[in-house]
Amino acid sequence: MSSSETTCVDRRHHTFRTYNDTVDVISGWETVFGVYESYFDLYYFDRFPASTPDSIEYTPDFTVYFNDDYGVTAKVLPKTLHLDPPEIAESLLEMLSECDSGFAITRADGMDVVPTDMDVVVFVPDSYSSQFGNILDTRLSSDDLDIKNNVVLLRYGMDDERAHYIFQRETALEDEFREDELPDEESLNETIGPDGDYQSYKLGTREFLRPKTKKPIYNVSPPESYLATFLWMKEFPTELARDDFIDWKKGKINKQKQISVDCQRLTDKLNTERIVDGELRVEWITQTLEFLCTTRYAEGDDNSYHVMYTGLVRDIDMSGDKSEEYQRATELAMKLIKRYCRYGEDTDRDGQSSLDDF
């Protein structure tokens with residue numbers, strides 16, 4: 001593999017992993033916060049909260065409405081590639097400033113409200129969490145900033161061998177969850193805060209893959225490699241003829257099977273039948289099919305494509321092994337990325353500047 005291909009693979013794999021990890025974290029914490037749904041009539045977990053202005057780099061990744069007195073806004077920070085922790089901190093501070101005067105979040109009846117108390121939960125990769133906590137603490141304490149946000153910092157990392165995430169409070173910032181509105185038996189500070197001696201909190205594949213299957217995207221447009229992996233594993237097999245589908249379940253597809261794809265029809269199907277509260281855009285599907293054309297697994301023009309489908313990896317769902325599903329999704333993404341970088345000029349930047357700049 002040439003040096004240019006190596007750069008292409010590294011960058012695109014980083015972009016895939018950044019998006020994939022963020023969806024994992026959001027999906028896992030949707031499960032964590034889901035225990036409160038039975039306590040609050042209008043509880044709502046929103047994966048597509050209101051965006052900040054275009055001039056602000058970051059926008060919240062999810063919000064949680066409990067009642068009019070308490071809510072949570074969250075941001076998942078990526079592993080670094082180009083930017084360093086001080087630059088990431090400045091982008092986060094811009095978002096905190098934008099949300100400081102009152103950030104409206106959605107409740108179950110669709111109404112947008114600004115809760116009396118709002119905690120901003122920031123998930124930071126453990127590779128730079130301590131450094132980041134110190135930087136953020138210094139900046140929030142400086143005289144030139146007037147940000148009143150209550151910021152709870154959680155570091156996270158993936159145990160690849162066991163396919164689970166580990167979370168722990170980063171104590172460089174002293175703010176804790178202001179959870180007076182939450183039931184004592186479901187205390188967040190007991191789970192991951194001072195009342196529990198800041199113990200680590202684990203989320204396994206059971207907690208994050210189940211909601212991820214129904215909600216594979218979030219508030220940022222997905223990289224083509226990520227969406228291509230989702231389509232290859234979860235959607236394209238449903239377009240196969242019955243006998244081919246049975247072979248696919250057994251992992252016995254060795255020859256390419258042609259699947260015709262209309263981008264608008266596929267977008268509508270995904271948003272109404274496969275993705276809960278679907279927010280996919282037809283241009284994302286079109287970009288993904290163009291990505292597959294470069295890998296030479298598809299061909300076409302305009303909004304009509306023919307996918308040459310083959311069993312790059314065996315169907316994951318049939319094994320029941322969720323850790324295996326996680327590993328094979330990454331395996332498939334890498335196969336597609338390597339083919340893209342081998343056959344493509346890679347002159348574009350994915351259209352994902354907010355991710356590629358990390």
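What follows goes from ring pairs to cores and then to strands.

This is a predicted model, in which local features need pLDDT of at least 70, side-chain atom pairs count only at pLDDT 80 or more, and totals for chains, interfaces and linings use all residues. Residues are numbered from 1 along each chain as its sequence is written, and side-chain values use heavy atoms, with hydrogens and water left out.

Start with the rings. A pair of aromatic rings is described by the distance of the centres and the angle of the planes. Rings of Phe, Tyr and Trp (its six-membered ring) pair if their centres lie within 6.5 Å; planes under 30 degrees apart are stacked, over 60 edge-to-face, and the rest tilted. The structure holds 27 such aromatic pairs. One of them joins Phe-16 and Tyr-226: the centres are 6.0 Å apart, the planes 40° apart, and the pair is tilted. This pair links distant parts of the chain, with Phe-16 in helix α1 (residues 3-33) and Tyr-226 in helix α6 (residues 224-235), 210 residues apart. Helices (H or I, at least four residues) and strands (E, at least two) are DSSP runs, numbered from the N terminus. Phe-16 and Tyr-226 are buried, meaning under 20% relative accessible area with a 1.4 Å probe, protein chains only.

Why is the pair of Phe-33 and Phe-66 edge-to-face? Its planes stand at 70°, with the ring centres 6.1 Å apart, so the pair is edge-to-face. Phe-33 lies in helix α1 and Phe-66 in strand β2 (residues 62-67), 33 residues apart. Both Phe-33 and Phe-66 are buried.

Phe-33 and Phe-66 return in the largest nonpolar core. Such a core is a set of buried Ala, Val, Leu, Ile, Met, Phe, Trp, Tyr and Cys residues joined through side-chain atoms within 4.5 Å. The largest has 78 residues; Trp-29, Phe-33, Phe-66, Phe-123 and Phe-236 have the most contacts inside it. Helix α1 gives the largest share of this core, 10 residues. Apart from it lies another core, of 26 residues, among them Leu-92 and Ile-135.

Now the strands. Two strands pair if DSSP finds at least two bridges between them. Strand β7 (residues 150-159) runs antiparallel to strand β8 (residues 164-169), joined by 6 bridges. Here Gly-157 stands opposite Ile-166 in β8. β8 also pairs with strand β9 (residues 201-203), in the antiparallel sense over 3 bridges. There Tyr-165 stands opposite Leu-203 in β9.

Methods: Buried means under 20% relative accessible area, exposed over 50%, partly exposed in between (1.4 Å probe, protein chains only).
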